[in-house]
Amino acid sequence: MKDRFTNEYIAIAFGVMLFASGMMILLIKNWKPYVGGWVFGCLIAMAMFKLMFFTFSRAVEKTERGASVFVGVHYFLRLTLYAVVLAVSAKAEYLSLATTFFGLLSIKYVILIRNMFDYLRSKKGGRF
């Protein structure tokens, strides 16, 4: 199973991360905790997205019951890691909790916006 789509989404999310980091550096006076939290959240989101791909790739090779247990355990592990990331961000003075939270959502926004543009492009006959 090729992971071209996950790599594509991760590349777009990385570009969004760099662009938003640059904007924060230009617009915010004390930018270090905000950019640190944003980058931390985005990198964790990208890693979790790739981990989700590997989980589902392995799950399709298992029986129905085995796949259900396998995916459930990995889902719980990912949620636990998200909680740890948010707890670390809340405790660390050099990270902003809010930007870490939005960084964790970055891959979801990239997927939604990319699919929205693809849908609009298909409705207009390839032009946008």
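## Helix contacts in a predicted model

Leaving out neighbours up to four places away in sequence, Arg78 is in contact with Met48, Leu51, Met52 and Thr55. Arg78 sits in helix H3, which covers residues 64–91. Arg78 counts as buried, because its relative accessibility is 6% and the cut-off for buried is under 20%. The model described here is predicted.

**Helices H1 and H2**

Helix H1 spans residues 4–27, and helix H2 spans residues 32–59. They pack at an angle of about 175°, and their axes are 10 Å apart. H1 is therefore roughly antiparallel to H2, since angles over 145 degrees count that way.

Which residues meet in this contact? H1 brings Thr6, Asn7, Tyr9, Ile10, Ala13, Phe14, Val16, Met17, Ala20, Ser21, Met24 and Ile25. H2 brings Tyr34, Val35, Trp38, Val39, Cys42, Leu43, Met46, Phe49, Lys50 and Phe53. The residues of the contact of H1 with H2 divide into 18 nonpolar, 3 polar and 1 charged.

The structure holds 3 aromatic pairs. One of them joins Tyr9 and Phe49. Their ring centres are 6.3 Å apart, with 80° between the planes, and the pair is edge-to-face. Tyr9 lies in H1 and Phe49 in H2, so the pair ties together parts that are 40 residues apart in sequence. Are these two residues buried or exposed? Tyr9 is buried, with a relative accessible area of 13%. Phe49 also counts as buried, at 15% relative accessibility.

Ile12 is another residue of helix H1. Ile12 counts as partly exposed, because its relative accessibility is 32%. Setting aside residues up to four places away in sequence, Ile12 touches Val110 and Arg114. The C-alpha atoms of Ile12 and Ile107 are separated by 8.7 Å. Along the chain, Ile12 and Ile107 are 95 residues apart.

The accessibility values of the residues discussed are set out here.

| Residue | Relative accessibility | Class |
|---|---|---|
| Arg78 | 6% | buried |
| Tyr9 | 13% | buried |
| Phe49 | 15% | buried |
| Ile12 | 32% | partly exposed |

**Annotated spans**

An unreviewed UniProt entry lists residues 9–28, 34–56, 68–88 and 94–117 under "transmembrane region". How do two of these spans look in the model? Residues 9–28 are 95% helix and 0% strand, and the end C-alpha atoms are 27 Å apart. Residues 68–88 are 100% helix and 0% strand, and their end C-alpha atoms lie 30 Å apart.

Key
Residues are numbered from 1 along each chain as its sequence is written. This is a predicted model: local features need pLDDT of at least 70, side-chain atom pairs count only at pLDDT 80 or more; totals for chains, interfaces and linings use all residues. Side-chain values use heavy atoms; hydrogens and water are left out. Axes are lines fitted to C-alpha atoms, for helices over the stretch in contact, and angles run from 0 to 180 degrees between N-to-C directions. Helices (H or I, at least four residues) and strands (E, at least two) are DSSP runs, numbered from the N terminus. Angles under 35 degrees count as roughly parallel, over 145 as roughly antiparallel, 65 to 115 as roughly perpendicular and the rest as oblique. Contact means heavy atoms within 4.5 Å. Ala, Val, Leu, Ile, Met, Phe, Trp, Tyr, Cys and Pro count as nonpolar, Asp, Glu, Lys and Arg as charged, and the others, Gly among them, as polar. UniProt positions are given in the numbering used here, feature names are shortened, and annotations may be inferred rather than shown by experiment. Buried means under 20% relative accessible area, exposed over 50%, partly exposed in between (1.4 Å probe, protein chains only). Rings of Phe, Tyr and Trp (its six-membered ring) pair if their centres lie within 6.5 Å; planes under 30 degrees apart count as stacked, over 60 as edge-to-face and the rest as tilted.
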